Amino acid sequence: MRKKKLFWQLYISSLLVIFLALAAFIFLTSYSFKSILLDQVSDDLLARAAIMRDEVLRSWKDGDMPALQRSCSDISTRSATRVTVIRADGVVLADSWHDPAMMDNHRGRPEIREAMAGKHGNSTRFSRTLQKNTMYAAVTVSDNGRVLGVLRTAVPLETVEASITGLQLQVLLGGLVIALVATLMSLLISRRITRPIETLKQGARRFAEGDLDFRLPVPRSEELSDLAVVMNNMAAQLQERIVQITQQHSEQDAVLSSMVEGVIAFDMEERLINVNHSAARMLRVNIDKAKGKSIQEVVRNIGLQRFVDQTLTSENTTEGYITIVDDVERFLQVHGSILRDEHRKPLGVVVVMNDYTELRNLENVRREFVANVSHELKTPITSIKGFVETLLDGAINDREDAIRFLGIVSRQADRLNAIIEDLLSLSRIEQGGEQEHIELREASVRDVLVSAVQSCQRDADLKQMRIELECAAELQAVTNPPLLEQAVINLISNGIKYSDEGQSIAVHAARSADGMIRIAIKDQGYGIEPEHLPRLFERFYRIDKARSRKLGGTGLGLAIVKHIAQAHHGRVEVQSTPGKGSEFTLIIPAGKSEVDSPDVT
Ligand code: ADP
């Protein structure tokens, strides 16, 4: 339904009231004026008749009809009234405006009958004689109590009607002027009433648009001022609520985004309600674009979609595992539960995700490590057991064989020992590095390198290899000297192991511009194929197992170097060209006291 403006409702209804009242007033006024005027005319006619009565009686008693006619005409001229004398039997004896002979019997006229009945005869009707609306008044003419007839006075009503019409016109004109003024006034009043309402309406619209700082002006009328105050209070409360809700929201957001666990929520139609940063990262979801989209659009993972379906249909919380394959494979542990409103009506589902890829990788590394260790230990033990059994089976009786076999057993035992030694030192370094138990202090790099070179000199000599050392004496590093020495020994002895006889190894240390000491051990050996480089520092990773074993390698040397570098808050890098040689570089923080050493960029 089309709504009408309050202003028009008020204005039109007040106009209606005004016009109705005015019309009633005009009608009543003209009606009462008319009846007052007619009453006056009628009284006047009666009075005139009563005054004329004696004069008429005199002529009548004389029986002089022409005199009676004359006196009627005289009176009529003087009083501008028609005068008629009617005998008791109804015969017209004289008439001031007409010939009585031409007039019919008047006994039946209402005013005559009334007068004859002893009342004031009075009548208003159309006169056929005068052809006009006429008012008649009649009084009896008596002579000593004997009624002779009736004296009738009459006037045409046209003058009265003209003055009534004039009067009515004046009233109407006055009414119109009043109506005009009232129309204007009611326009102003309607405006005055509706303007504050309009202001309230505009204010309410501003509230609805979110401008809750705005306050409505308080109008003077009681009801509207109450309304404005109530609305202002409502806006203030609403603002307070919004602040509260926004605060709660940002708290919730802060909690959600700081969570390591991924949280993602869908409604009953499986459209995304919310997702935190962790979940977005795990599922590769764009938070800004994803809200409101369906699960199929947001998460292209059938496992999660099924899990959400399953949670939506189950009453209790659900648990499961999903795998996400991107550039890498990731494993998520998922917990799902139904989101409910305050009436326990289901709203959707929330899924909390734990990325346990790293844990799983660690577990794999551990399992692999155990398998590797067992394998590494099993080889020498199997060998020892085999030779011991051979000896027991009789080989012990052949002295030469026995000595050879026992030599092998001894070497295998050494190998076992080496593996266990390496494992133990690896675990010590690892633990020490993690728990920051390894004591680091400023020490001379050169001293450490000299000592390492000395330790490897014997092996180098056996292969006629030279070890060249280049290191400024004042070079200081924040280090644990025995550990650093062990790392350098591992790298030099690898250089010796994986090079041909007669080649040389260069050990060079210098301070770089970033405040680190770079210790490079460069050989001219076999080099390493690029595909092995990423895994080179893993435990038991060897390129050529047989060769490594033959050379007494455990496959743990570089793993130990890596952990020693980490325990120094540093790192190790490798560059290698197959067939030309390798360069391993240990990078550890420099000491502060050494300032004059040359920088290497
Ligand atoms: P290993 O005890 O077998 O030497 P490492 O951890 O020290 O174990 O080294 C892992 C593997 O890396 C070795 O088996 C070897 O194949 C390769 N490697 C290490 N250092 C060198 C080097 N300087 N030149 C060529 N290959 C090397």
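Select Glu270 and display its surroundings: leaving aside neighbours within four places in sequence, Glu270 is in contact (heavy atoms within 4.5 Å) with Lys293, Ser294, Ile295, Gln296, Val308, Asp309 and Leu312. The model is predicted, so local features need pLDDT of at least 70 and side-chain atom pairs pLDDT 80 or more, while totals for chains, interfaces and linings use all residues. Residues are numbered from 1 along each chain as its sequence is written, and side-chain values use heavy atoms, with hydrogens and water left out.

Glu270 lies in the loop between strand 6 (262-267) and strand 7 (272-275); strands are DSSP runs of E, at least two residues long, numbered from the N terminus. Glu270 is buried, that is, under 20% relative accessible area with a 1.4 Å probe, protein chains only. Glu270 has no salt bridge, defined as a side-chain nitrogen of Lys or Arg within 4 Å of a carboxyl oxygen of Asp or Glu. The nearest side chain of opposite charge, Arg271, is 9.5 Å away.

Next, select strand 14 (residues 504-512), where seven of the nine residues are buried. Strand 12 (residues 466-471) pairs with strand 14 in the parallel sense over six bridges; pairing requires at least two DSSP bridges between two strands. Here Glu468 stands opposite Ala506.

Val507 has Ile521 as its bridge partner in strand 15. Strands 14 and 15 form a hairpin with three residues between them, and Gly515 in the turn has a positive phi of about 80°.

Finally, select Leu536, which touches Ile528, Tyr541, Ile543, Leu558, Val574 and Phe584, not counting residues up to four places away in sequence.

Definitions and conventions: Helices (H or I, at least four residues) and strands (E, at least two) are DSSP runs, numbered from the N terminus. Buried means under 20% relative accessible area, exposed over 50%, partly exposed in between (1.4 Å probe, protein chains only). Lys and Arg count as positive and Asp and Glu as negative; His and the chain ends are not counted.
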